[in-house]
Amino acid sequence: MTVFNSPRRGPLVVWALTVQLVMSGSGVYATNGTKNCKLYPDSASARAVLNKLEPLSNKNFTALDTSEKQNYTYVFQLCGDAGGVKGAGVIQVDDKTKKTTVVGSYNETQAIEGSDWVMLMYTSGEKYNEHCSGENRKAYIMISCDRNIDVGPLKAIREDRDKKSNCFYLFELDSKLVCPPIQSQISTGSIILIIAFCFLAVYLIGGFLYQRLIVGAKGMEQFPNYAFWVEVGNMSADGCDFVCRSRNREEAPAYRGVTADTLEEEPEERDDHLLPM
């Protein structure tokens with residue numbers, strides 16, 4: 001192509017190709033993480049559980065076990081080579097002999113989710129020599145909810161190998177990544193009441209300021225729409241009186257008071273002029 005023959009554009013093309021290679025390489029690296037785990041069996045729900053733990057990938061977590069005569073150091077990595085051992089999700093390192101044993105492989109991973117925990121299971125580890133009928137080792141990593149920390153230290157809980165089969169290593173890790181979302185404690189009715197109270201407060205305060213500062217009202221006249229609310233109160237009182245009173249309004253009262261004016265003595269009429277003389 002003529003592009004490579006041009007002395008001026010040649011370095012630019014080489015530089016562009018170099019940038020492309022670097023970006024493509026970084027893109028391949030970015031796809032690593034939980035996608036490296038091979039789920040058995042593979043399902044959309046299990047893959048969603050692993051995707052939730054993506055921030056834990058590409059990190060080595062170590063734990064010490066000094067419960068027996070020999071001291072061990074365990075290294076765990078989410079869907080990655082623990083301690084640099086190819087295909088190993090969890091390894092065991094003898095602190096004295098420096099021997100490394102693969103406890104579990106991320107090539108066969110199971111992921112189970114609970115309400116506030118996630119259980120990872122790495123199987124296909126190295127075979128036992130004398131225990132558990134020589135079956136393959138497997139590791140269980142219990143990741144529990146703790147909203148106060150991003151991720152806590154790895155803890156080696158126990159190694160259950162005193163039986164013929166189904167032996168396992170149990171580890172524990174705390175993280176807020178597996179915590180359920182906090183549900184709102186406010187009900188719909190409470191939200192409606194809060195909104196209504198806010199509107200009422202705006203109406204009263206705004207109306208008071210308008211009446212006082214703009215209209216120049218004093219006293220009770222500062223209350224917004226004072227005449228309207230007085231009329232509403234009177235009508236409410238009349239309605240309550242009409243509904244709640246037990247007196248029959250159509251019946252005439254049994255006794256009517258006599259006014260003081262009727263009790264006054266009427267002036268005596270003089271009819272003497274009608275008598276014959």
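This is a predicted model: local features need pLDDT of at least 70, side-chain atom pairs count only at pLDDT 80 or more; totals for chains, interfaces and linings use all residues.
Let's begin with helix H3, which covers residues 44–52. Its buried residues are Ala46, Val49 and Leu50. If you look down the axis of H3, these buried residues fall within an arc of 95°, so they line one face of the helix. The face turned away from that buried side carries the exposed residues Ala44 and Ser45.

What do the buried residues of H3 pack against? Their partners are strand S4 (100–113) and strand S5 (117–123).

## The nonpolar cores

The largest nonpolar core has 32 residues. Those with the most contacts inside this core are Phe76, Leu78, Leu120, Tyr122 and Ile141. Helix H3 gives two or more residues to the core, and so do strands S1 (60–65), S2 (72–77), S4, S5, S6 (139–145) and S8 (168–175).

## Three disulfides

Now for the cysteines. A disulfide is a covalent bond between the sulfur atoms of two cysteines. How many disulfides does the model have? The count comes to three. Counting bonded cysteines along the chain, the pattern is 1-2, 3-5, 4-6.

Cysteine 37 sits in the loop between helix H2 (10–30) and H3, and cysteine 79 in the loop between S2 and strand S3 (88–94), so the pair ties together parts that are 42 residues apart in sequence. The torsion about this S-S bond is about -105°, so the disulfide is left-handed. Both cysteine 37 and cysteine 79 are buried.

Another disulfide is formed by cysteine 132 and cysteine 167, whose sulfur atoms are 1.6 Å apart. The pair links distant parts of the chain, 35 residues apart: cysteine 132 is in the loop between S5 and S6, and cysteine 167 in the loop between strand S7 (155–160) and S8. Here the torsion is about -100°, so this disulfide is left-handed. Cysteine 132 and cysteine 167 are both buried.

## A right-handed link

Cysteine 145 and cysteine 179 are joined by a disulfide with an S to S distance of 2.0 Å. With 105° about the S-S bond, this link is right-handed. Cysteine 145 lies in strand S6 and cysteine 179 in the loop between S8 and helix H4 (188–215), so the pair ties together parts that are 34 residues apart in sequence.

Are these two cysteines buried or exposed? Cysteine 145 has 26% relative accessibility and counts as partly exposed, while cysteine 179, at 13%, counts as buried.

Notes
Residues are numbered from 1 along each chain as its sequence is written. Side-chain values use heavy atoms; hydrogens and water are left out. Buried means under 20% relative accessible area, exposed over 50%, partly exposed in between (1.4 Å probe, protein chains only). Helices (H or I, at least four residues) and strands (E, at least two) are DSSP runs, numbered from the N terminus. The arc is that of the directions from the helix axis to the C-beta atoms. Contact means heavy atoms within 4.5 Å. A nonpolar core is a set of buried Ala, Val, Leu, Ile, Met, Phe, Trp, Tyr and Cys residues joined through side-chain atoms within 4.5 Å. A disulfide is a pair of cysteine sulfur atoms within 2.5 Å.
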